[in-house]
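Reader: I'm new to this one and would like a close look at a single part of it. Could you walk me through one chain, and then show me what lies around it?

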Amino acid sequence: MGKRTPLYQSHIDAGAKIVDFGGWDMPLHYGSQLEEHHVVRNRAGAFDVSHMTVVDVTGSESTAFLQKLLANDVARLKYEGKALYSCMLNDQGGVVDDLITYYLGPNRYRVVVNAATRDKDMAWINDAVAPFDAEVNERSGLAMIAVQGPDARKLAATVINDEWREAALALKPFCGLAAGDLFIARTGYTGEDGWEIMLPEAMAAGFWQQCVDVGIRPCGLGARDTLRLEAGMNLYGSDMDETHSPLEAGLGWTIAWEPEDRDFTGRGPLTDVRANKSRQKFAGLLLEGKGVLRDHMRVVVDGLADGEITSGGFSPTLERSVAMARLPAGDYERAQVDVRGRLLDVRVVKMPFVRNGNIQIEL
Amino acid sequence: MSELPGDLRYTNEHEWLRQEEDGTVTIGITDHAQSALGDLVYVELPEVGQEVESGGEMAVVESVKAASDVYGPISGEVVAVNEALADDPEKINADAYGDGWIVRMKPSGDDSETMDPDAYQVFLDELEE
């Protein structure tokens with residue numbers, strides 16, 4: 001038996017198929033992964049993401065600590081509630097994990113890291129914080145519910161207290177708000193509008209049920225994966241890992257090179273990777289015909305070295321197979337993928353594949 | 001879990017076989033198999049006229065989760081394939097024992113090791129444990 005979130009019984013009652021995810025018993029789907037995918041693209045779905053790890057950072061050197069820990073710069077967080085996506089690098093410039101940091105106030109931050117990497121991350125963070133006058137506190141008593149889809153905010157707003165509704169609806173993208181017991185952020189992992197809501201464990205099942213009652217449909221990790229793939233959002237362990245830098249994972253935009261004297265962990269090796277013009281690139285693939293691209297399939301590019309699919313699958317919105325891949329440097333639009341012994345034609349495309357319900361690439 | 005149709009034979013690879021009156025055998029995957037695979041998104045069918053060997057590759061079913069080989073439960077010649085699956089692989093999810101059939105074969109010999117519904121049910125129950 002794995003670890004269970006406060007919503008475990010709700011999932012069972014709703015007929016979820018439960019799978020192990022990083023040591024947690026989580027819902028894969030509640031009947032149909034495809035239907036859940038479309039619900040999020042067209043209306044509203046709710047995801048239990050309580051397995052994710054929430055860490056609060058406080059103390060007089062919190063900012064300095066995070067400026068050392070993260071490849072992105074928390075100095076970019078100019079006002080309370082603002083969120084920042086970043087990678088946390090090892091000394092070789094590889095990715096220890098990707099995370100979101102919320103600025104809660106002067107020298108107060110909230111960091112959300114992945115569930116599957118929790119032990120490794122906490123060890124890494126606790127080690128890194130030692131030289132700083134800062135404290136790291138894991139908030140294990142919090143549950144997290146993501147409501148996602150074009151109608152998600154509108155529907156979820158009806159179940160939050162009157163006192164906070166207006167402010168919650170006024171949140172700009174990638175901003176959060178402490179709303180009484182709740183922390184509401186306009187973030188997500190689906191490519192759709194929505195909120196991620198942190199709340200005390202004891203409130204989670206009641207809040208979840210209220211969301212369901214107003215028409216937000218429970219969605220499992222299966223749909224979460226196809227939604228994030230279409231949205232071109234990386235998954236740690238597949239698209240990013242400790243042996244590849246963010247530059248080789250399509251995450252160059254998350255690295256703050258300025259100011260030049262900010263000495264974040266991994267900066268030296270990362271600078272070398274940046275100077276290497278023959279480094280692998282990261283791009284999307286669209287399968288031209290029928291079939292399904294899968295993780296780790298070999299990508300063949302005419303006259304160049306092989307690449308590899310890091311995440312592949314069926315895109316329910318495109319009704320075609322798509323993938324993210326690490327590919328040899330160069331300008332080319334076509335490649336082939338070794339699908340179970342057959343070379344199938346793919347087009348190399350710029351991600352995302354889908355954003356806010358709309359297909360972003362030419363089919 | 002839904003009741004197993006009584007007129008079918010089953011394999012431990014979770015395929016079902018129906019003996020047709022004209023001597024051919026219709027083959028598909030069981031409700032247990034489709035449920036374990038999840039939503040199907042692609043089915044690779046054999047060619048009509050192709051010879052399939054018992055235990056050899058016959059078709060591939062791909063779900064949102066993974067690709068799975070469907071092995072020939074008997075040897076024989078493929079006489080029909082369910083073309084509708086090319087556009088609607090989810091027919092297998094919706095109706096595994098009916099519209100979701102995969103191939104029809106003309107058996108070349110009696111080499112099949114199959115179970116009746118009761119035996120297959122016991123097999124499934126043992127898997128659950």
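This is a predicted model: local features need pLDDT of at least 70, side-chain atom pairs count only at pLDDT 80 or more; totals for chains, interfaces and linings use all residues.

Author: In the hairpin of β10(A) and β11(A), with its two residues between the strands, Gly180(A) takes a positive phi near 65°. One of the pairings joins Gly176(A) to Ala185(A) in β11(A).

Now for chain B. You'll find four helices and nine strands in chain B, and following the sequence they come as β-β-β-α-β-β-β-β-β-α-α-β-α. The radius of gyration of chain B is 14 Å, close to the 14 Å that the globule rule gives for 129 residues, so chain B is as compact as a globular protein of that length. Its C-alpha trace spans about 40 × 30 × 25 Å along the principal axes. Of the 129 residues in chain B, 40% are buried. Take the contacts in chain B between residues at least 6 apart in sequence: 62% of them link residues at least 24 apart.

And where do the two chains meet? Chain A brings 13 residues to the contact, and chain B brings seven residues. On the chain A side, the elements giving two or more residues are α2 (33–42), α8 (221–230) and β16 (307–315). That side of chain A is made up of three nonpolar, seven polar and three charged residues.

Definitions and conventions:
Residues are numbered from 1 along each chain as its sequence is written. Chains are lettered from A and ligands numbered from 1 in the order in which they are written. Two residues are in contact if their C-beta atoms, placed from the backbone, lie within 7 Å. Ala, Val, Leu, Ile, Met, Phe, Trp, Tyr, Cys and Pro count as nonpolar, Asp, Glu, Lys and Arg as charged, and the others, Gly among them, as polar. Two strands pair if DSSP finds at least two bridges between them. The radius of gyration is taken over C-alpha atoms; the globule rule is 2.2 Å times the number of residues to the power 0.38. A residue is buried if 20 or more other C-beta atoms lie within 10 Å of its own, exposed if 12 or fewer, and partly exposed in between; C-beta atoms are placed from the backbone.
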